[in-house]
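These are my notes on one protein chain, taken in the order in which I looked things up. The sequence and the coordinates come next.

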Amino acid sequence: MGSTTTTSHVRAHRRIRLGIVSVLVLILLGLLLFYTPRYLARYLLASQLDDLHIDHSGLETLTINPFTRELWLGPVRIGVGTSAAARLETLGLTLGYNPLLHHRIFIERLIVRGIDLEVTRDKANRFILNGIPLSKLLPPPGAQAQPTHEDEAWQPGIADLELRDSRLLFHDLARGELAIDLERLSLMNFLAWEPDNPGQFELLAQVNEIRLNWSGEARPFADNISLSVDSHTEKADLSKVIRFTGPLGLDRNEGLYDARLKHVLTLFEAGGLEGHTQGVIEAK
């Protein structure tokens, strides 16, 4: 009887130890899965920027949660020397896992706020982002091998993108300046694997202090690419346009206009472009 009781106690203790070990292993695996991606991504990003001699701050804000499929980053700044740094206040992304099995990169939601960029195109047609030549950041032409079969290509898709409270200042040294103050840009349901279903967009912005309130739909992945835009443009002053384009050679370079226009464009796969515009332009 005593022997049986002792054996039962031993088995019970073994089960307890096994349970404790199993729990500890699961906790360790969970911690590895939770923390490893963020630290690896931070290291790779920092190493790449360091190799390019680009100053950076804020990469330690990068977090990746594989269980919720979320990535968050910001605020982040990058730049070179004394040039004003490019800024990103917040980026949040939710990625869909299941579409990866079908060679689809599907972003369920992307939120971007507080981008502040300054881009210059010099007279040699080189683009510079906040002191950083874009040739440093982009791969050389032909660097990426093309898939040998069409079904091997990865297809992008995004269900919901929201870009808010951002600013782009574009200097063209051969022409002029373009200042874009973006209040909101929304893109919805742009899916490469559904090329004939249109994605929708909304834009609220000021371009050289010209107010834009545009919305519409587009089929960028279709054989015949199409775009339909309902546009409301306010305070369109020719002097604000000339600020970027330079002199237009017109007899009159002043005047304030509001416009409500409908634009429809189609770019055909076989070549050629078809479009028409209708609406009302009012001089103020």
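I began with burial and found F106 buried, and W193 as well. I use buried for under 20% relative accessible area, exposed for over 50%, and partly exposed for what falls in between, with a 1.4 Å probe and protein chains only. The model is a predicted one, in which local features need pLDDT of at least 70, side-chain atom pairs count only at pLDDT 80 or more, and totals for chains, interfaces and linings use all residues. Residues are numbered from 1 along each chain as its sequence is written, and side-chain values use heavy atoms, with hydrogens and water left out.

**Aromatic pairs**

I then looked up ring pairs. Rings of Phe, Tyr and Trp (its six-membered ring) pair if their centres lie within 6.5 Å; planes under 30 degrees apart are stacked, over 60 edge-to-face, and the rest tilted. The count by this rule is 2 aromatic pairs. F106 and W193 form an edge-to-face pair, with 5.9 Å from centre to centre and 75 degrees between the planes. F106 is in strand β7 (residues 104–113) and W193 in the loop between β12 (177–191) and β13 (199–207), so that the pair links distant parts of the chain, 87 residues apart. For elements I take DSSP runs numbered from the N terminus: helices are H or I with at least four residues, strands are E with at least two.

F127 and F170 form a stacked pair, 6.4 Å centre to centre with 15 degrees between the planes. F127 lies in strand β9 (residues 127–129) and F170 in strand β11 (residues 155–172), so this pair ties together parts 43 residues apart in sequence. F127 counts as partly exposed because its relative accessibility is 32%, whereas F170, at 14%, counts as buried.

I also noted a charge over a ring: R42 lies over the face of Y39, 4.9 Å from the ring centre. The rule asks for NZ of Lys or CZ of Arg within 6 Å of the ring centre and within 35 degrees of the ring normal.

**T233 and its strand**

Next I looked up T233, which is placed in strand β15 (residues 225–237). Is T233 buried or exposed? T233 counts as buried, because its relative accessibility is 13%. The side chains of T233 and W214 are joined by a polar contact of 3.4 Å. Such a contact is a pair of N or O atoms within 3.5 Å; within protein, one must be able to donate a hydrogen and the other to accept it, and residues adjacent in sequence count only if both atoms are side-chain atoms. Beyond its neighbours within four places in sequence, T233 is in contact (heavy atoms within 4.5 Å) with residues including I210, R211, Y257 and D258.

I followed β15 to its partner. β15 and strand β16 (residues 256–267) run antiparallel, joined by 11 bridges; strands pair if DSSP finds at least two bridges between them. S226 has T266 in β16 as its bridge partner. T266 also stands opposite E274 in β17. β16 pairs with strand β17 (residues 273–283) in the antiparallel sense, over 11 bridges, and L261 stands opposite G279 in β17. The hairpin of β16 and β17 has 5 residues between the strands, and G271 there takes a positive phi near 110 degrees. β17 is hardly covered, with 0 buried residues among its 11.

**Backbone and loops**

Most residues other than glycine have a negative phi, and most peptide bonds are trans. I therefore listed the departures. N130 has a positive phi of about 45 degrees, lies in the loop between β9 and β10 (132–133), and counts as buried at 6% relative accessibility. N208 has a positive phi near 50 degrees, sits in the loop between β13 and β14 (210–219), and is buried with a relative accessible area of 2%. A cis peptide bond joins G74 and P75, with omega about 0 degrees.

P195 is in the loop between β12 and β13. P195 and A222 are 27 residues apart in sequence and 4.6 Å apart in space, C-alpha to C-alpha.

**Whole chain**

Last, I took the totals. The protein chain has 3 helices and 17 strands, and buried residues make up 30% of its 284 residues.
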